[in-house]
Every structure is written in C-alpha cells, then in structure tokens.
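Please view the structure before reading on.

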Amino acid sequence: MIEDDDYEDITRRTLHHYDDNARRFFAGTIDHDVSQNIDALLSSIEAPAPYTILDFGCGPGRDLKTFTALGHHAIGLDGSERFVEMARAYSGCEVWHQNFIDLDLPDAAFDGIFANASLFHVPRELLPKVLRELCAALKPGGVLFSSNPRGHNEEGWNGPRYGCFHDYAAWERYVVEAGFVPLRHYYRPEGLPREQQPWLASVWRKAS
C-alpha cells in the first residue's frame with residue numbers, strides 16, 4: 001500500500017521529467033501518426049458532430065490541433081506546466097493544468113475522451129478512482145479511447161517515469177468496473193507481429 005504523499009511524489013517526479021524534456025518530447029513525437037487512434041475514437045461516437053473532446057494527457061498539443069482541424073471542439077488536460085503552455089500556443093485550444101490523480105472535471109461534458117499514452121502513468125491503486133472520474137465527465141453514451149504500453153501487469157519506475165503496464169484482461173477489468181462497456185481493442189503499430197506491437201489501444205462506451 002502506497003501512502004498518499006508517495007503518490008504525490010510519484011506524480012511530481014514524473015511530471016518533472018516531462019517539464020525538463022518538453023521541447024525534446026515535442027520534437028520526437030510531433031510527426032507520430034496516431035490517425036488510427038483518432039479514427040477509433042471518432043468513429044465510435046454516436047452523437048451528432050461536431051464533438052466535444054477531452055484530450056487527456058494532451059502533451060504539447062499535437063492531437064488537439066488535429067481534432068480542431070477536423071471541426072471538433074477540443075479541450076486539453078495535462079499535468080506538465082510546460083506542456084500546457086506549449087499546447088495552448090501550438091493548438092490555440094483551451095488547456096487545463098491538472099494532474100491525473102487530482103482531477104476536477106465537469107460532469108457529462110464530453111462526447112469523447114482521448115487518453116493516448118497517458119493513463120499508464122496512474123498508479124494501480126488510484127486507477128479505479130481516475131476511471132470513474134473520466135466516466136462521470138462523459139455524456140451518456142460517450143466514448144473513452146485509451147492507448148497504453150502493454151505488459152504483464154508490472155508497476156514501478158521506468159527510468160525517471162512511473163508507469164503501470166497492463167495486459168488486456170487486467171485493463172478490461174478496471175475499465176468495466178468503472179462503468180464502461182468494451183467496444184474494441186487492437187495492438188500497435190499496425191501490421192507487425194505481436195511481439196513488435198508494444199501498444200494496447202482500446203475503445204469503451206459509457207454504460208447507460
């Protein structure tokens with residue numbers, strides 16, 4: 001059992017890494033093609049477009065800009081102060097500075113939540129709380145997309161960043177218990193043998 005102040009330290013140290021490496025991270029990820037993930041979210045939303053999307057862990061704002069270019073209303077959220085500044089400047093979107101373990105989200109506000117390479121930073125014991133908060137922030141029938149580096153349910157430090165590396169069965173239990181129903185899941189990058197697909201992507205609908 002990790003103490004609350006330890007969770008705060010885990011979050012602080014992980015965010016410190018991103019703050020210190022924000023420019024390098026932006027340069028290294030700006031050209032990543034995540035169109036498959038964006039399409040997986042948008043194609044699963046049944047409400048009329050345009051959609052209100054929360055980019056949860058938006059980083060420097062790459063995907064906020066894409067959602068906006070597609071005609072949707074995108075709002076970003078990140079715990080890194082540097083990322084928040086960069087995302088606002090790069091995308092022109094509203095971006096909230098909140099860390100993942102201390103969220104303050106509006107109820108039933110979003111058609112979709114795009115959690116691309118972000119939720120794996122939530123410690124396992126806090127994951128049910130965070131997923132319930134995301135569920136409450138979705139409109140009825142809203143959709144959650146997540147993509148996380150997969151593993152065998154390890155948890156701990158990976159260099160300067162803390163992470164949890166779930167397999168699909170464990171991830172499904174957490175998300176279903178938080179109030180979602182599974183729609184689909186797949187592994188990335190596309191078209192490679194499974195051992196060369198380190199990312200687990202999944203799509204979920206808020207249960208009625």
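Does Arg62 count as buried or exposed? The model is predicted, and in it Arg62 has a relative accessibility of 16%. Buried means under 20%, so Arg62 counts as buried.

Arg62 lies in helix H4, which covers residues 62-69. The side chain of Arg62 reaches the backbone oxygen of Thr29 at 2.7 Å. Leaving aside residues up to four places away in sequence, Arg62 touches Thr29, Ile30, His32, Val34, Tyr90 and Asn116.

| Residue | Relative accessibility | Class |
|---|---|---|
| Arg62 | 16% | buried |
| Cys58 | 7% | buried |
| Cys135 | 8% | buried |

How many disulfides are there? The count comes to zero. Cys58 is in no disulfide, and the nearest cysteine sulfur, that of Cys93, is 8.8 Å away. A disulfide needs the two sulfur atoms within 2.5 Å.

Now the whole protein. The protein has seven helices and nine strands. Its radius of gyration is 16 Å, close to the 17 Å that the globule rule gives for 208 residues, so the protein is as compact as a globular protein of that length. The C-alpha trace spans about 40 × 40 × 40 Å along its principal axes.

Of the 208 residues, 52% are buried. Among contacts between residues at least 6 apart in sequence, 67% join residues at least 24 apart. The accessible surface comes to about 9900 Å², and 49% of that surface belongs to carbon and sulfur atoms.

Conventions:
Residues are numbered from 1 along each chain as its sequence is written. This is a predicted model: local features need pLDDT of at least 70, side-chain atom pairs count only at pLDDT 80 or more; totals for chains, interfaces and linings use all residues. Side-chain values use heavy atoms; hydrogens and water are left out. Helices (H or I, at least four residues) and strands (E, at least two) are DSSP runs, numbered from the N terminus. Buried means under 20% relative accessible area, exposed over 50%, partly exposed in between (1.4 Å probe, protein chains only). A polar contact is a pair of N or O atoms within 3.5 Å; within protein, one must be able to donate a hydrogen and the other to accept it, and residues adjacent in sequence count only if both atoms are side-chain atoms. Contact means heavy atoms within 4.5 Å. The radius of gyration is taken over C-alpha atoms; the globule rule is 2.2 Å times the number of residues to the power 0.38. Accessible areas come from the Shrake-Rupley method with a 1.4 Å probe; for residues, only the protein chains shown count as cover.
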